[in-house]
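The sequence and structure are shown first, and the description follows.

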Amino acid sequence: MKETTRKILLFLYPTTAVGQTQPDQRLLLSTAQLRFLLPDLSLAGFKSLLFYLEKNQYLLKHLINEDHYYSLTNYGQEQLEQQFPALSIARRNWHGDWSMIVFLEAIKTDQNFRYLRQLLLKQGCFALNRGIFLYPGKLNDLVLAELNGRYRQAVIGYQLGECLVGDERIVIGQKIALSDSLQVYSGISKELDELINIIGPTKKLKDQSKIDFYSIYNRFVSFLAEDSGLIQHYYPQVEGPLSILSKLQKLL
């Protein structure tokens, strides 16, 4: 998915039900508001992008008072959550259970488990140690089918619950850089609050404010794509991606 597509779809992601099981309200943004998000894209390129997103059912177009507005479709939301796992309902409702995959003996068609390692990493697993991978929650059907097919006698899988020995936040935190996530989200949230205060009652973005807005949103999009989505479980008091996105939407 291209960066311009991700920026448009992400800004339309529903955040009105933060804290609930599932967002149930769709955000509507006008053509002008969406255009504002992509200042470096030509007008022709922007129109072409909207046409592509509507044609491929990522966006739904609405005609309101002779103006065009757009909302995110269910399909668009699903595709977006694949790009940003931290937004997924499953990750937001995660309660600390893990799936563990232990490598036993590589098969002839996958020496040293090279293909399997790549598959697991692509599907959101991470290496706890050499030959041991963890995944938050239950493994998806694609991974299970591969493990039960080609690797049935080459690996063994477990469903784990409570950690009995050791500090899970330290061990897991080092592997997925939880401390870095804390600093990044905290920094973005602080800058966003400062920008909101600067704008104040005028509710208008001036030139410098626009530059600050783009800087904050670009960094947010880039980091969210790398976020494992586990920080809210270990540090629920930290302002997470949905809250930050909600502030950005209100600011626009």
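Helix axes are here lines fitted to C-alpha atoms over the stretch in contact, and the angles between them run from 0 to 180 degrees between N-to-C directions. The model is a predicted one. By that convention, α6 and helix α7 (residues 141-149) pack at an angle of about 160°, with their axes 11 Å apart. Angles over 145 degrees count as roughly antiparallel, and α6 and α7 are therefore roughly antiparallel to each other. The crossing of α6 with α7 is left-handed. On the α6 side the contact comprises Tyr115, Leu116, Leu119 and Leu120, while α7 contributes Leu142, Val143, Glu146 and Leu147. By class, these residues divide into 7 nonpolar, no polar and 1 charged.

From α9, the contact draws on Ser181, Val184, Tyr185, Ile188, Glu191, Leu192, Leu195, Ile198 and Ile199. These meet Ser209, Asp212, Phe213, Ile216, Arg219, Phe220, Phe223 and Leu224 of α10. The residues of this contact divide into 12 nonpolar, 2 polar and 3 charged. The crossing of α9 with α10 is left-handed.

With helix α12 (residues 241-251), the axis of α9 comes within 11 Å and crosses at roughly 20°. Here α9 and α12 are therefore roughly parallel to each other, and their crossing is left-handed. The α9 residues in the contact are Tyr185, Ile188, Ser189, Leu192, Asp193, Leu195, Ile196 and Ile199, and those of α12 are Pro241, Ile244, Lys247, Leu248 and Leu251. By class, this contact has 10 nonpolar, 1 polar and 2 charged residues.

The geometry of the packed pairs is tabulated below.

| Helix pair | Crossing angle | Axis separation |
|---|---|---|
| α6 and α7 | about 160° | 11 Å |
| α9 and α12 | roughly 20° | within 11 Å |

The remaining topic is the largest pocket. About 770 Å³ of space lies in this pocket. Its lining is made up of 31 residues, and Pro85, Arg91, Gln123, Gly124 and Ser228 lie nearest the centre. By class, the lining has 15 nonpolar, 8 polar and 8 charged residues. At least two lining residues come from each of α4 (74-83), α5 (89-92), α6 (114-122), β6 (132-136), α9 (178-199) and α10 (207-226).

How values were computed: Residues numbered from 1 in each chain as written. Predicted model: local features only at pLDDT ≥ 70, side-chain atom pairs only at ≥ 80, totals over all residues. Heavy atoms only, no water. 1 Å grid on protein atoms, 1.4 Å probe; cavity = no way out; pocket = protein on both sides within 12 Å on 5 of 7 lines; lining within 4 Å. Points joined across faces, edges and corners; volume = space filled by probe spheres on them. Helix = DSSP H or I, 4+ residues; strand = E, 2+ residues; numbered from the N terminus. Nonpolar A, V, L, I, M, F, W, Y, C, P; charged D, E, K, R; others polar. Parallel < 35°, antiparallel > 145°, perpendicular 65-115°, else oblique. Left-handed = near helix turned anticlockwise from the far one by under 90°. Contact = heavy atoms within 4.5 Å.
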